[in-house]
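Trainee: Could you walk me through this model, one feature after another? I would like to hear the general idea each time and then the case at hand.

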Amino acid sequence: MVKKGVDLLPSTMTKHSLQFTLNQFFKTDLQQGRLDFLRNRTVKVVVSDIQLEFIVTLNPQQMAPRLQVVMANQDADILFRGNMDDLFLLVTQKVDPDTLFFRRKLMLIGDTELGLELKNYLDTIELRERLPASLYQLSEDIAAEVLLTRSQTTQG
């Protein structure tokens with residue numbers, strides 16, 4: 001269902017939606033300079049099962065630093081690749097990134113130092129503090145469903 005939505009949306013709408021969401025979510029961290037390690041660096045995210053790929057970089061040229069999303073098939077300093085469920089579990093901190101990496105569910109290619117900086121930064125995020133209660137609960141419910149489905153698939 002998500003893949004269909006990605007396929008149907010024009011890339012400019014996907015770009016603007018991603019950019020708006022990321023800048024809202026990371027607003028305080030951007031203001032505090034916690035994402036300055038992204039200055040002049042690019043992170044490519046590929047969600048392989050829904051054919052979504054985008055590049056994120058920090059645009060410090062504006063009055064307040066903002067994340068910029070580019071919908072282009074180009075190289076980046078680091079590439080993160082995984083399927084939607086694995087990346088969701090990573091973002092919601094339901095699975096350790098190292099576990100995903102060693103099980104070959106998460107691929108990291110490129111600047112290892114940038115990858116570690118990004119991983120360490122993401123590990124500090126507390127979703128409960130950043131999301132409205134209803135959205136946090138929804139993310140918890142979805143993560144639980146993904147984990148349940150996985151456990152049933154591996155048992156059956």
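Mentor: Gladly, and let us start with salt bridges: a salt bridge is a side-chain nitrogen of Lys or Arg within 4 Å of a carboxyl oxygen of Asp or Glu. Asp 111 and Arg 41 form one here, with their closest N and O atoms 2.9 Å apart. Before we go on, note that this is a predicted model, in which local features need pLDDT of at least 70 and side-chain atom pairs count only at pLDDT 80 or more, while totals for chains, interfaces and linings use all residues. Residues are numbered from 1 along each chain as its sequence is written, and side-chain values use heavy atoms, with hydrogens and water left out.

Trainee: Where do Asp 111 and Arg 41 lie, and what does the pair tie together?

Mentor: Elements first: helices (H or I, at least four residues) and strands (E, at least two) are DSSP runs, numbered from the N terminus. Asp 111 sits in the loop between strand 5 (106–110) and helix 6 (112–123), and Arg 41 in the loop between helix 3 (27–32) and strand 1 (42–47), so the pair ties together parts that are 70 residues apart in sequence.

Trainee: How should I read burial for such a pair?

Mentor: By relative accessible area: buried means under 20%, exposed over 50%, and partly exposed in between, with a 1.4 Å probe and protein chains only. Arg 41 counts as buried because its value is 17%, whereas Asp 111, at 25%, is partly exposed.

Trainee: How many salt bridges does a search of the whole structure find?

Mentor: The search finds nine. Another example is the bridge between Asp 36 and Arg 39, whose closest N and O atoms are 3.1 Å apart. Asp 36 is partly exposed, with 34% relative accessible area, and Arg 39 is partly exposed too, with 33%.

Trainee: Now pockets, please. What counts as one?

Mentor: On a 1 Å grid over the protein atoms alone, a pocket is an open set of points with protein on both sides within 12 Å along at least five of seven lines, and lining residues have an atom within 4 Å of a point. Grid points are joined across faces, edges and corners, and a volume is the space filled by probe spheres set on the points. The second largest pocket here has a volume of about 170 Å³.

Trainee: Which residues line the second largest pocket?

Mentor: Among them are Asp 86, Leu 89, Arg 103, Leu 147 and Thr 154. Helix 4 (84–91) and helix 8 (133–155) each supply at least two lining residues, and helix 8 gives the most, with three. The lining divides into four nonpolar, one polar and four charged residues.

Trainee: And a nonpolar patch on the surface?

Mentor: Patches are made of residues with over 30% relative accessible area and no salt bridge; like charges are joined within 9 Å, and nonpolar side chains (Val, Leu, Ile, Met, Phe, Trp, Tyr) within 5 Å. The areas come from the Shrake-Rupley method with a 1.4 Å probe, and for residues only the protein chains shown count as cover. Phe 101, Phe 102 and Leu 108 form such a patch, with about 310 Å² of accessible area together. Phe 102 belongs to helix 5 (residues 97–102) and counts as exposed because its relative accessibility is 66%.

Trainee: What should I look for in backbone angles?

Mentor: Most residues other than glycine have a negative phi. Gln 93 has a positive phi of about 60° although it is not a glycine; Gln 93 lies in the loop between helix 4 and helix 5 and is partly exposed at 34%. Arg 104 also has a positive phi of about 60°. Arg 104 is found in the loop between helix 5 and strand 5, and at 78% relative accessibility it counts as exposed.

Technical notes. 1 Å grid on protein atoms, 1.4 Å probe; cavity = no way out; pocket = protein on both sides within 12 Å on 5 of 7 lines; lining within 4 Å. Nonpolar A, V, L, I, M, F, W, Y, C, P; charged D, E, K, R; others polar.
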